Amino acid sequence: LIDIGISRERAALALGLVPLFGVIGQIGFGHLSDRIGREWGWTLGCVGFVICYASLMLMKVYPGMPLLVLMVVSQGVLGYAMTPNYGSIPAEIFQGSHYGAIFGWLSVSTAVGASAGPWLGGVIYDATGSYDQAFALGLGAAVLSSACMWMASPRKVRSVAGRIGRA
């Protein structure tokens, strides 16, 4: 944000607001995913990150408040919608005594990815002088993540409230 001319104060405020909006996303979309299915809840979260990364790339050309607000809200409200599904999806797919081990490996893998992301973004920036390729990679990862969730199909394991046929 600073590289495209946004002040340090405004950038810090914007990034500080993301978790505030995230509270809305976590509570609202956690409840919603119980009703519409985990795939949809996860996909909405991925859409939030796609919008966030696209906004960041567009801000380089069109810096200003509208795209900054869109980036903050999409990452917070939608992106954080993934959080309540993070534990419930593997619990539904891998029910039983091995859930703890599976979730442990998933958590370690997530931590490795979350740690590698900023480092890789820095490497890309150092090599190209821009974060655009890093943002494009994040955008692609969000699309891939959503596609993988639909292939995993938690809905095939768990009945979704509101979608069960009445007898």
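This is a predicted model: local features need pLDDT of at least 70, side-chain atom pairs count only at pLDDT 80 or more; totals for chains, interfaces and linings use all residues.
1. Count. The structure contains three salt bridges.

2. Arginine 38 and aspartate 34. These two residues form a salt bridge, with 2.7 Å between the closest N and O atoms. Arginine 38 has a relative accessible area of 7% and is therefore buried, because buried means under 20%. Aspartate 34, at 25%, is partly exposed.

3. Arginine 38 and glutamate 92. Arginine 38 also takes part in a salt bridge with glutamate 92, where the closest N and O atoms are 2.9 Å apart. Glutamate 92 belongs to helix 4 (residues 83-93) and arginine 38 to helix 2 (residues 38-59), so this pair ties together parts that are 54 residues apart in sequence. Glutamate 92 is buried, its relative accessible area being 10%.

4. The network. Salt bridges link Asp34, Arg38 and Glu92 in a network. Arg38 is bonded in this way to Asp34 and to Glu92.

5. Aspartate 132 and lysine 60. Aspartate 132 is in helix 6 (residues 132-152), whereas lysine 60 is in the loop between helix 2 and helix 3 (65-78), so the pair ties together parts that are 72 residues apart in sequence. Aspartate 132 is partly exposed, with a relative accessible area of 27%. Lysine 60 is also partly exposed, at 45% relative accessibility.

Notes. Residues are numbered from 1 along each chain as its sequence is written. Side-chain values use heavy atoms; hydrogens and water are left out. A salt bridge is a side-chain nitrogen of Lys or Arg within 4 Å of a carboxyl oxygen of Asp or Glu. Buried means under 20% relative accessible area, exposed over 50%, partly exposed in between (1.4 Å probe, protein chains only). Helices (H or I, at least four residues) and strands (E, at least two) are DSSP runs, numbered from the N terminus.
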